[in-house]
Amino acid sequence: MDTFTRFTNQTQGRDRLFRAIQYTCMLLRYLLESKADREKVVMKLKKLESSVSSGRKSNLNRVIYFVCDTILWVRSVGLVADINKEKWRKWAARHYYYSLLLNIIRDVYEVSLQMEQIAQEKAKREKSMPQNHLGPCIADEETEWLQSFLLLLFRSLRKHPPLLLDTVKNLCDILNPLDQLGIYKSNSGIIGLGGLLSSIVGMITVAYPQMRLRTC
């Protein structure tokens, strides 16, 4: 209970919790929409999702996305009527997409560095061991390369949990802007599940700061 209290007392902690609730509502709404006797529940989930989303507006940490999203919020509560909602939604999604894309590129670069380091360490160990002169057959070379790559990737991410969590979070987050921009169409179930996973990762990094990826 003390851990939960400390977590919710942090601004980032509350934001991650509200975000998890928001995407949980989206996921549940998707799962219940096809059921004829669940209209009232779906509407309540939709209202709760909208309310939680509105409550998160002052906690967004990407400046351009914050500005666009806040303008959309002002339009949604009726403070200003003459705002092109679709245009601002696209702008918000576009800037959010660019931000996440840069984060994913950074993650890929960090993963490649870790894989290269592990591969060099492995090569040094193999160099000091007796060599087997019988090499693999040509038919197995492609399969062996893929297995080696996946093993290096697994070892790299296992060795650096913060990098794993950051990569998972960014990949889950990018599903939403991909759908909004029409780059890769999805559905509210997949987006909700991705958002929920991302929120859980976010809560872990708030509760355990050592699991947060450190960048220069």
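1. How many cavities of 30 Å³ or more does the structure hold? One. This is a predicted model, and the points below should be taken with that in mind.

2. Confidence first. The protein chain has a mean pLDDT of 77. In that chain, 70% of residues reach 70 or more. Among its elements, helix H1 (residues 2-9) has the lowest mean pLDDT, 53. Helix H7 has the highest, 94. Where pLDDT is low, the predicted coordinates should not be read in detail.

3. The volume of the largest cavity is about 30 Å³. Its lining consists of Arg 19, Tyr 23, Cys 172, Asp 173, Leu 175, Asn 176, Ile 191 and Gly 195. By class, the lining has four nonpolar, two polar and two charged residues.

4. Next, the packing of H7 on H9. Two packed helices are described by the angle between their axes and the distance between the axes. For H7 and H9, the angle is about 145°. Their axes lie 8 Å apart. The crossing of H7 and H9 is left-handed.

5. The residues in that contact are as follows. H7 brings Leu 165, Val 168, Lys 169, Cys 172 and Asp 173. H9 brings Gly 194, Leu 197, Ser 198, Val 201, Gly 202, Ile 204 and Thr 205. The contact of H7 with H9 divides into six nonpolar, four polar and two charged residues.

Note on methods:
Residues numbered from 1 in each chain as written. Predicted model: local features only at pLDDT ≥ 70, side-chain atom pairs only at ≥ 80, totals over all residues. Heavy atoms only, no water. 1 Å grid on protein atoms, 1.4 Å probe; cavity = no way out; pocket = protein on both sides within 12 Å on 5 of 7 lines; lining within 4 Å. Points joined across faces, edges and corners; volume = space filled by probe spheres on them. Nonpolar A, V, L, I, M, F, W, Y, C, P; charged D, E, K, R; others polar. Axes fitted to C-alpha atoms, helices over the stretch in contact; angles between N-to-C directions. Helix = DSSP H or I, 4+ residues; strand = E, 2+ residues; numbered from the N terminus. Left-handed = near helix turned anticlockwise from the far one by under 90°. Contact = heavy atoms within 4.5 Å. pLDDT = per-residue confidence, 0-100.
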